Each structure stands twice: as C-alpha cells, then as structure tokens.
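Dear colleague,

I am handing over the structure below, and I would be glad if you could read the notes that follow it alongside the coordinates.

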Amino acid sequence: MKKWQDNKGWLFILPVFIIVAFSAIIPLMTVVNYSIQDIFGPGQRIFVGTEWFKETLTDPRLHEALWRQLLFSGLVLLIEMPLGIAIALTMPTKKGLGSSVCLVLIALPLLIPWNVIGTIWIIFTRPDIGLMGAFINNMGITFDHTASGLHAWITLMLMEVWHWTPLVILLAYAGLRSIPEAYYQAARIDGASAWAIFKYIQLPKMRGVLTIALLLRFMDSFLIYAEPFVLTGGGPGNATTFLSIYLVKIAVGQFDLGPAGAFSLIYFLIVLLFCYLFYQVLLNVGKGESS
Amino acid sequence: MKKRYFILAAYLVLIMLPIYWMLNMSLRTNADIMARLVFIPTEITFDNYITIFTDSAWYSGYINSIIYVVLNTIICLVTALPAAYAFSRYSFIGDKHVFFWLLTNRMAPAAVFLLPFFQLYSTFNLIDTHIAVALAHCLFNLPLTVWILEGFISGVPREIDETAFIDGYKFPRFFFFVFIPLIRSGIGVAAFFCFMFSWVELLFARTLTTTAAKPIAATMTRTVSSSGLDWGLLAAAGFLTIVPGALVIWFVRNYLAKGFALGRV
C-alpha cells in the first residue's frame, strides 16, 4: 500500500511521543547518569567513567545469570510458540457459546497480577497443602522446589507455560480467524493435506500476529521478575537467579546504583539487539510466498 | 475432529487446575487448609470473602487498581488512535524509527528504572495518585496499543479515506463518524491488552503509590507478611483479582473471534 508523503503525520503522533518520552527519556538519562558515577549519598558523588561497565561485564555471577536467562527464554519460546499455535488450531471455528467459553477460560491466566501468579503456584506446588505438590509426593517422588534447583526450574517452566501460552493462543487464534473461507475452499479443491494448508495458508497468514506474539514473549520472559521472585526468590542457591532478580539484588538490596545502572543499560541493549534481529527476520521471512 | 477437541479439553482442564485450587482454598478456613488435603471442600465458609468486602484496607485496593487501569486504557486509546492512523497512512521523516523506538520502551528492565521514576513523579507531585500509575503504565501499554491499532488500520483500504474526502467530509468528522466505527474491533482488542498489562503490573504501581492509590496486588503482599500467611484469605484475595479481567475478556471475545492479522501481510 502506497502511503501519502506528508510530514503532518508528526502532529498525529505528537501526544504519544510526548507521553512516552516523558516516562522513557528522563528516567533513562538518570540511569545513564548513575552508571558513570559513584554515589555515596545525596550530593556525594564522583565521576568514574566506564569503570562500572568494565566491572559489570567481567562479573562472573552476571555471566551465569545471563546464560540462565538465555536458556530460560529459549525454552519459553521453544515450548510456548508451537504449543500456542497447536492449541489455537484445535479451537472451535464456529462462533458460539463453545468458542466464547474457550476464549474466556484460556485468557484467565493472563489476567492475574504477576505476584498473585507466584502465590497461586506456591499453594499449588507446596508438598503439604498444594494439589500438585502433594500428588507428586504421594507417588513416591520427592518434589520440592525450595530444595532442588532442577525442581525449581521445572516448577518455573510449568508456571511460565501455564501463564503465557494463552497469549500465543489468543493471537494465533485471531490470526487464524482472519483467513477468509475462500482460501480453505480453494485448498480443498486442490486436495491439499492438513499439513499443506497449515504451511502454505495458515502460517503465512498468521505472520503478523505471531511476530507480535514472539516479540512480546521474548521481552517479557527475558525481563521476568515478579513470578520467580515470589515463587523461588532466586533460589535454591542461585539456581533461578535471572538477570532481573540479580539486578534488583544489586540496586535495591545493596543500593549500588552505579553498577546497577551500568548493568541495566547492558541488559537493555541485549534485549534491544535480540528484538531487532527477530523483527528484521520476521519482517522478511516468507515475504515471497505470501504476496 | 474428536481427537482435536479431546486435546483442547485436556488443555483447558490443566490450566484450570491451579485456579480451581486457589478457589478451593479460598472457601476454607486456615486451620482446615493446614489440616487436610481435599479436592472438593466439605465445610465451605465465606469468611475470607466477607473479610475482604468489609475491610476498607482490602477493598480499596481493588477500587484503586480499577481506577488507574481504566485511566490508563483511556489515555492509551485516545492518544494512540491518531498516532496509529498516521503510521498507517502517512510516510513522514523518521516514521519507521519512531515506530520501532516506541516498542523499545517495553524492553527496559523495570527494576532499575523505579528510583528515577520515583524521583521524576515526585518532582511533579504525582506520587500516590492514580494518574501517576496510569501514566507510568503508558510506557509499555502505549507502544503496544499503537502497534495493534496500526495493524487494524492497515487492514482498512485507503480508498475509504479517499472516497470520504471526495464526498466532502472534513477530517475530524470522517475520523470520528466513519473511521472509528470501522476499526471498532481493533479498539476492543487494544483496550483488552491495555487493561491486561496494566492490571497485572506490580512494580511501578507499588513504587508510585503509598496509601491513597495502592493497588490490590501490593495490599496482598503486605498483608501476607504481617499476618503470618493466612492462606485462605490470600487465596480469596487472589481469586477476586481474576474477576475484573474475566469480565473484560467476556466483552471482547467476539472481537477476538472475528480475527485479525496485524500488519501488512
């Protein structure tokens, strides 16, 4: 679609620009300020240049947290994207009570405050009062996410998949519903298999919604804080100390604003880099076949 | 066909289990919860819910949360609609960069931005007001709203705009009476996402408020630490946080079911 060449577009985006800039640029500059200074207290600060950046980049605990974070986000995307698309494909296609009830039930986990999610999973997995915890322990397997790093990871992944797969389902479902019936009729006449329909019609048509789903899932899983904080508090040991949890330990726990500032800028750049790559790849992938 | 619905039903049962378990606990006394494990509670009590509905420290949390979430949704929709229209219809200096820059604001780790946020909003005397939380949530909701609406608007052929202008419509009249009704479902979907992300967010909401605008999620964490983990009460409060969201999704379900592709596919 050719667009009108007109700089008055700026007038239209001005309110959005101002609101976002107010909340984004001023705090960001403050964090940049922290990252190059050593702060002892109000009015007592000295300029230290890039020292915090050097210190942060060589911190072995940060490296561990980063690998943990990458593994976590990687697993999240690998599980949630295919699962979400698969469940969306099983949903009823006709409008009616069935699809309405499905939509509402599926969306429920998305609408629970993040710390409540942690609470739900604590009471669900505790060996003494939790349904899942008690069930597994009754089978003779000791399952306790406060004692074993592996169990903490399993619980976190279950929680994460339970919590966020619905977002992928909703977006994929909406994408599927936007495909005109004529496409399916044409495919039936050609005798296309279910897999061929999926590959050549459904997947390309879902590209827009799946791009948003992938970007949102990546960002939110990479920045995850409240749920693991409530559920495991980063433990046992450091097994579930993700980047955000480690960052808050530095910033709030030790009140080291300088290193925390440098840390968050690096963190921000990593997320930005990944999102940009995903965005560019998804923008260009399959362009030839769909248009 | 049968197998398909079996998978769906199994999935639905699995995702409902943790929520059901919370409901189950919310209907029992704390002593009962600690004493035994029952799948279907026998001695049902509504005491936990009565506590929440009669104690203003509890129910004001829900009211505060709803006020700032609604404010946030309104601000996002009102400002994002023209912006999304501009991104979809006009090409102007830096449009693609601004479009991506908007989304980058979702990518900053919130934890360290809390202190600067607190300082910034203190300067403007906004601490502990609903509007402060609503504005802070714009940081991640506004970009998403623009992206979603842009996707919907790009699905409306530009010929409609041109025909309306040829018919003598002035821009504001065209925008409010012709265009907005056309992207109704987009507005519904965007409102749903605004509501959702604002309702579930805790870090900003907790940092920017103390008492007068304290959200329910923060009320929950504090009460837990002070009263020594009252599981039943906690579960009841948690269960009630699902209700507003469930109502919203019920209202927008048809817009979701109608389908949308988002973006120039």
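For the figure that comes next, a residue is called buried if 20 or more other C-beta atoms lie within 10 Å of its own, with C-beta atoms placed from the backbone. By that criterion, buried residues make up 50% of the 265 residues in chain B. Please bear in mind throughout that this is a predicted model.

Chain B has 13 helices and one strand, and from the N terminus on its elements run α-α-α-α-β-α-α-α-α-α-α-α-α-α. Its C-alpha trace spans about 75 × 60 × 30 Å along the principal axes. Of the contacts in chain B with a separation of 6 or more, 83% are between residues 24 or more positions apart.

The domain assignment divides chain B into domain 1 (1-45) and domain 2 (55-258), and 31 Å separate the centres of these two domains, taken over C-alpha atoms. Where they touch, eight residues of domain 1 of chain B are in contact with seven residues of domain 2 of chain B. On the domain 1 side, the elements that give two or more residues are helix H1 (2-26) and helix H2 (30-35) of chain B, and H1(B) gives the most, with four residues. That side of domain 1 divides into four nonpolar, three polar and one charged residue.

Turning to the two chains together, their contact takes 78 residues from chain A and 85 residues from chain B. Helix H1 (residues 9-35) of chain A supplies the largest share of the chain A side, 14 residues, and by class that side has 54 nonpolar, 18 polar and six charged residues.

Finally, the largest nonpolar core holds 166 residues, of which A:Ala172, A:Val209, A:Ala213, A:Leu247 and B:Val146 touch the most other members. Helix H7 (residues 130-154) of chain B gives the most to this core, with 16 residues, and the core draws at least three residues from each of domain 1 and domain 2 of chain B.

With best wishes

Definitions and conventions:
Residues numbered from 1 in each chain as written. Chains lettered and ligands numbered in written order. Predicted model: local features only at pLDDT ≥ 70, side-chain atom pairs only at ≥ 80, totals over all residues. Core = buried A, V, L, I, M, F, W, Y, C linked by C-beta atoms within 7 Å. Buried ≥ 20, exposed ≤ 12 C-beta atoms within 10 Å, placed from the backbone. Domains from an automatic or database assignment. Nonpolar A, V, L, I, M, F, W, Y, C, P; charged D, E, K, R; others polar.
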